[in-house]
Each structure stands twice: as structure tokens, then as C-alpha cells.
Amino acid sequence: MAFLADSLKRIKPSATIAVTDKARALKAAGRNVIGLGAGEPDFDTPDNIKQAAIRAIQDGRAAKYTNVDGIAELKAAVVKKFKRENGLDYKPSQISIGTGGKQVLYNALVATLNPGDEVVIPAPYWVSYPEMVLLAGGEPVPVVGPMERDYKITGEQLDRAITPKTKWLIFNSPSNPTGAAYTRNELKSLTDVLVKHPHVHVLTDDMYEHLVYDDFTFFSPAQLEPRLYDRTLTLNGVSKAYCMTGWRIGYAAGPEPLIKAMAMIQSQSTSNPAAVSQWAALEALEGPQDFIAQHNKIFKERRDLCVAMLNQANGIKCPKPEGAFYVYPSCAGTIGKTTQSGKKIATDEDFVTELLETEGVAVVQGTAFGLGPAFRISYATKTTDLEEACRRIQRFCGNLR
Ligand SMILES: Cc1ncc(COP(=O)(O)O)c(C=O)c1O
């Protein structure tokens with residue numbers, strides 16, 4: 001439509017949201033559908049956090065605009081969080097709080113990208129990274145971490161992808177969509193390369209930091225390599241670990257001029273994130289943390305269940321990821337086969353479409369995340385549903401000829 005901006009031609013809608021909508025529509029039509037598409041915990045927000053929000057409303061602290069990029073109390077709590085959990089020293093003036101990590105990330109890209117600037121993005125990637133880069137006028141440069149290396153990239157690959165035009169590396173560990181998390185040594189191979197390229201900045205998305213299993217130790221790039229501190233934006237939020245996706249609070253810490261530029265963009269677009277959500281996020285960061293370990297125990301059991309059951313399905317191979325709440329099995333062994341109803345599976349998109357049609361299981365095709373043929377399962381869903389979904393996937397694959 002001529003009325004719409006040309007910039008929209010560069011981007012596409014979110015495949016994960018599309019799958020969730022499709023599953024919802026089938027459910028509304030009376031089908032028995034198990035949705036494994038959405039990337040949010042099935043647990044409710046902990047009660048202490050809800051109570052803090054209720055108190056903020058009752059005390060009149062939720063009624064008015066706040067500082068554009070966050071109330072001082074929450075910025076102070078974020079400063080403490082980075083010190084306590086990541087050994088990183090920041091001042092409140094280096095903290096930006098926004099409407100979800102998503103807004104903070106978008107602000108950072110809009111604040112820094114000029115036409116032609118390149119952003120290195122390890123694939124499989126979170127669907128929004130390349131689209132946001134495109135919207136902000138930059139060029140995404142995907143670098144594939146293959147299944148054989150648990151979907152991680154190496155220092156040599158990163159080195160080869162960097163050009164004089166590279167502005168950022170967007171790093172995400174544990175990863176959405178693969179759940180893969182970089183060990184200290186794996187991350188070191190990347191930070192060693194970054195040290196050699198002082199023009200490249202690091203946008204590290206640590207959103208799934210707390211969701212790691214089997215005693216995995218998480219490291220953030222600036223924590224592991226202090227020489228990167230001055231050119232790293234460390235992004236995090238309360239959505240995943242604190243079961244607060246609907247509250248929309250994310251935050252980042254980085255160089256003051258960048259944080260100021262991000263605040264300027266926010267001041268002219270959305271202003272402050274919802275005041276009530278900021279008070280709730282303050283309680284999340286400062287209150288009891290023990291429920292995270294309880295949730296992780298359940299997430300780990302679900303991960304193990306998925307990996308075991310999917311590896312028993314014909315044509316499916318599923319690596320065991322270190323964290324987040326996703327698994328990313330390859331469906332290469334099903335390509336070229338035919339369903340019972342006579343449909344040919346030529347791509348992973350065909351695989352997920354037919355799986356949804358015949359078995360009522362909603363997953364997202366890997367090509368949406370930059371590496372196929374594969375699909376993403378979010379196991380942040382009731383264990384009984386998950387088990388049933390894996391059984392249906394086994395049946396679907398078993399019936400392919
Ligand atoms: C890797 C990653 N980063 C950032 C976000 C954004 O989270 P929010 O905007 O809810 O803080 C998500 C949400 O799906 C994600 O998976």
C-alpha cells in the first residue's frame with residue numbers, strides 16, 4: 001500500500017507471534033491444540049511482586065509519569081544487581097530502564113546505527129534482532145552456529161564476519177531459540193577476537209541469565225573481559241526469570257553517552273515504562289530469589305523430557321541445551337517424506353504446518369530463526385501437555401513415509 005512507509009518493506013512480522021495466533025485460532029475453533037510457540041514462563045508472577053505493585057497503586061506511586069528511563073529506586077537496584085550477580089560496576093547514570101528488554105534493545109540500535117552499518121548476529125537468533133537492525137537502517141550479518149557445535153559460533157567465525165563497517169555484535173547466551181549457553185572458554189574465544197577490533201561494540205542480551213541447568217556457570221562478556229567494558233551494553237530484564245512478561249520491564253547498562261541517547265529516543269517516543277511495573281520490578285530484584293531455583297528444577301526436568309522423547313522420534317535430532325526454556329531439534333531427517341494425508345514435507349515450514357494440522361502441536365520453524373530445517377519448542381508449558389505434545393510429534397514422525 002503506497003500509504004505505508006518504505007522501511008516496512010525491509011521487515012517481516014514475528015513468526016513466533018504468528019504461530020501463537022494460529023494455535024489460538026484453532027483452539028477457538030474447538031481443536032485440541034498444544035501451543036509450544038510462546039516464549040514465556042507458564043508460572044504466575046510471584047506473590048511478593050504482585051503485592052508490591054498493589055501497594056504502589058494504593059500509595060499513589062503509580063499514577064504519574066516517572067523519570068523517562070526509570071525511577072531512581074529501580075536504577076539503584078539494577079546497579080546492585082550488576083555488582084552482586086555479574087561483578088560489574090555501574091553508576092545510576094549508566095542505567096536505562098524501558099518497556100521490556102525489547103524497547104531497550106531497539107532504542108540502542110536506533111541510537112547508534114547509520115545506513116550501511118553492520119551488526120553481527122549469531123544464528124539461530126531471536127527473530128527480533130535482524131528485523132530491529134533493519135528498521136533502524138542497519139544491515140544484519142548472520143553467522144551460523146551449526147547443530148554439530150551446539151549452535152554456537154567460534155572466534156574464527158566472528159573474526160571473519162567483522163568488517164570496518166561492523167558496529168555491534170549482538171550476543172545472546174543462553175539463547176532464544178536454541179537454549180545454548182556459552183561456557184567461559186567458548187565466550188573467551190569470542191572476547192579475545194573482540195579485543196582485537198576496538199570499533200566493534202557488544203550488545204549482550206542476558207535475558208535468560210538465571211535459567212541455566214546442571215550447575216552451568218553464566219558469564220557476561222564485560223565480566224569475563226574487562227577491556228570490553230567501555231564498549232558493551234549489557235541488557236537484561238525481569239520478564240523471564242521473574243515470570244513478568246506482561247509487566248514489560250527491561251533494563252541495560254553501558255557507556256553514559258549511549259544511555260543518554262537512548263533516554264532521548266524514549267523521551268520522544270514512549271516516555272517512562274509503566275510506573276506500577278517499575279515498582280514491581282524493584283521488588284523482583286530486591287526481594288526473595290528462591291523461586292528461581294524451584295522453577296529451574298521444573299524447567300530442567302522438562303528439558304530432559306523433551307530431549308529424550310524427541311530423540312526417539314523418526315528423523316529428529318535434538319541436542320541438549322544448557323539453558324533458557326527452549327530446545328531446537330533438527331528435522332532434517334523428515335525432509336522429502338510424505339504425511340499420511342499425502343502432503344510432501346519439503347521444508348521445516350511444511351513440517352510445522354502439517355504437525356499443527358494433523359496433531360494440533362504448535363512449534364516454530366527454524367528458518368524463522370536463521371537456521372533450518374529445524375524447529376523451536378518452548379517447554380515453558382505444563383509438563384503433562386509437553387509429554388503429550390512429544391508423543392504426538394513421535395506419532396507424526398512415525399507416520400511419515
Ligand atoms: C532473547 C530475548 N531477548 C529479549 C527479549 C525481550 O523480552 P522483554 O521485552 O519481555 O523484556 C526476549 C523475549 O522473548 C528474548 O527472548
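Reply: Let us begin with the lining of the largest pocket, to which α1 gives the most, with 8 residues. Helices (H or I, at least four residues) and strands (E, at least two) are DSSP runs, numbered from the N terminus. This is a predicted model, in which local features need pLDDT of at least 70 and side-chain atom pairs count only at pLDDT 80 or more, while totals for chains, interfaces and linings use all residues. Residues are numbered from 1 along each chain as its sequence is written, and side-chain values use heavy atoms, with hydrogens and water left out.

Me: What is a pocket, and how many residues line the largest pocket?

Reply: On a 1 Å grid over the protein atoms alone, a pocket is an open set of points where a 1.4 Å probe fits, with protein on both sides within 12 Å along at least five of seven lines; lining residues have an atom within 4 Å of a point. Here 44 residues line the largest pocket, and Gly37, Ala38, Gly39, Glu40 and Lys240 lie nearest its centre. Elements supplying at least two lining residues each include α1 (15-28), β1 (34-35) and β12 (375-378).

Me: What is the volume of the largest pocket?

Reply: A volume is the space filled by probe spheres set on the grid points, which are joined across faces, edges and corners. For the largest pocket it is about 980 Å³, whereas the second largest pocket holds about 300 Å³. The second largest pocket has a lining of 15 residues, including Lys12 and Glu131. Its elements with two or more lining residues are α4 and α5, and α5 gives the largest share, 5 residues.

Me: Where does the ligand sit?

Reply: A molecule sits in a pocket if more than half of its atoms lie within 2 Å of the pocket's grid points. The ligand sits in the largest pocket.
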